[in-house]
Amino acid sequence: MSAELDTESESATLARVDWDEAAGRLAEASPREILGWAVETFFPRLTMATAFGPEGCAILHMLAEIEPRVRVFNLDTGYQFAETLALRDRIAERYGIEVELVRPETTVAEYEASHEGPLYVVNPDQCCHDRKLVPLRRAVVGYDAWISAIRAEQSAHRARARVVGWDAKFGLVKVNPLLRWTKRDVWAFVVTNQVPYNPLHDQGYPSIGCWPCTRAVRSGDDERAGRWAGQAKTECGLHSLDSSQL
Ligand code: SF4
């Protein structure tokens, strides 16, 4: 968290924001309107996590116009594709937004050595917990709200989210500006605005996470079918809902 953020304002902002009312009022709002509300309400105590999917890149395009100083970070597990990390540089060149890389405390080599091999093979839940959830928890300390790029149609789980809600798991407000957008909406925005995107999307990867847990999919497959393919796991745990978010 930036040193200049005033911890006093945290409780003041959170105390006066009625996110339940906001969720109702913004339910039909456009992503730009939702982002504008979030910036007006929470900035500078507003942050965003992105894995550089087309949704996140679309939001970055909008934030560059609304408020480019919003702190944006990426959970750099050490297992990301080179194409994903290169996209971070392309975003910086295009928008002047330097996405911060938030890393676990151990390198991949240290982590795998301590578990006698890659944990994603035998226990991906633990691997996601250690290399995504723990760093995320650390990254949002001191912020009042975070922006995510989830969409309702991505999974039954995500369909239960609201545009604005309290994220009890991480202890701050969660804003989902693209919740009602379809995949087609996202790509139409990306193409129309020439938003930089991951070239792997043109090679059969509709959803991209860490390389060990991401596969190309066949045409017509569910867009998240290539994530943890062959396993029951469908989410890394960042966007799992608890009852306070419904
Ligand atoms: Fe580990 Fe795979 Fe989760 Fe990445 S997606 S943190 S490699 S289990």
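Which of the 13 residues around the ligand come nearest? The views below take up this point and others in a predicted model, in which local features need pLDDT of at least 70, side-chain atom pairs count only at pLDDT 80 or more, and totals for chains, interfaces and linings use all residues. Residues are numbered from 1 along each chain as its sequence is written.

**View A. The shell around the ligand.** Pro124, Cys127, Cys128, Cys210 and Cys213 come nearest among the 13 residues around the ligand, where a residue is near if its C-beta atom, placed from the backbone, lies within 6 Å. Helix α8 (residues 124-139) gives the largest share of this shell, five residues; helices are DSSP runs of H or I with at least four residues, strands are runs of E with at least two, and both are numbered from the N terminus.

**View B. The packing of helices α4 and α9.** Helix α4 (residues 54-66) and helix α9 (residues 183-192) pack at an angle of about 50 degrees, and their axes are 10 Å apart, the axes being lines fitted to C-alpha atoms over the stretch in contact and the angles running from 0 to 180 degrees between N-to-C directions. The contact is made by Pro54, Glu55, Cys57 and Ala58 of α4 together with Val186, Trp187, Phe189 and Val190 of α9, with contact taken as C-beta atoms, placed from the backbone, lying within 7 Å.

View C. Strand β5 (residues 164-167) and strand β6 (residues 172-175) pair in the antiparallel sense over four bridges, pairing being assigned if DSSP finds at least two bridges. Val164 stands opposite Val175 in β6, and in the hairpin, which has four residues between the strands, Gly171 takes a positive phi near 75 degrees.

Notes. Contact = placed C-beta atoms within 7 Å.
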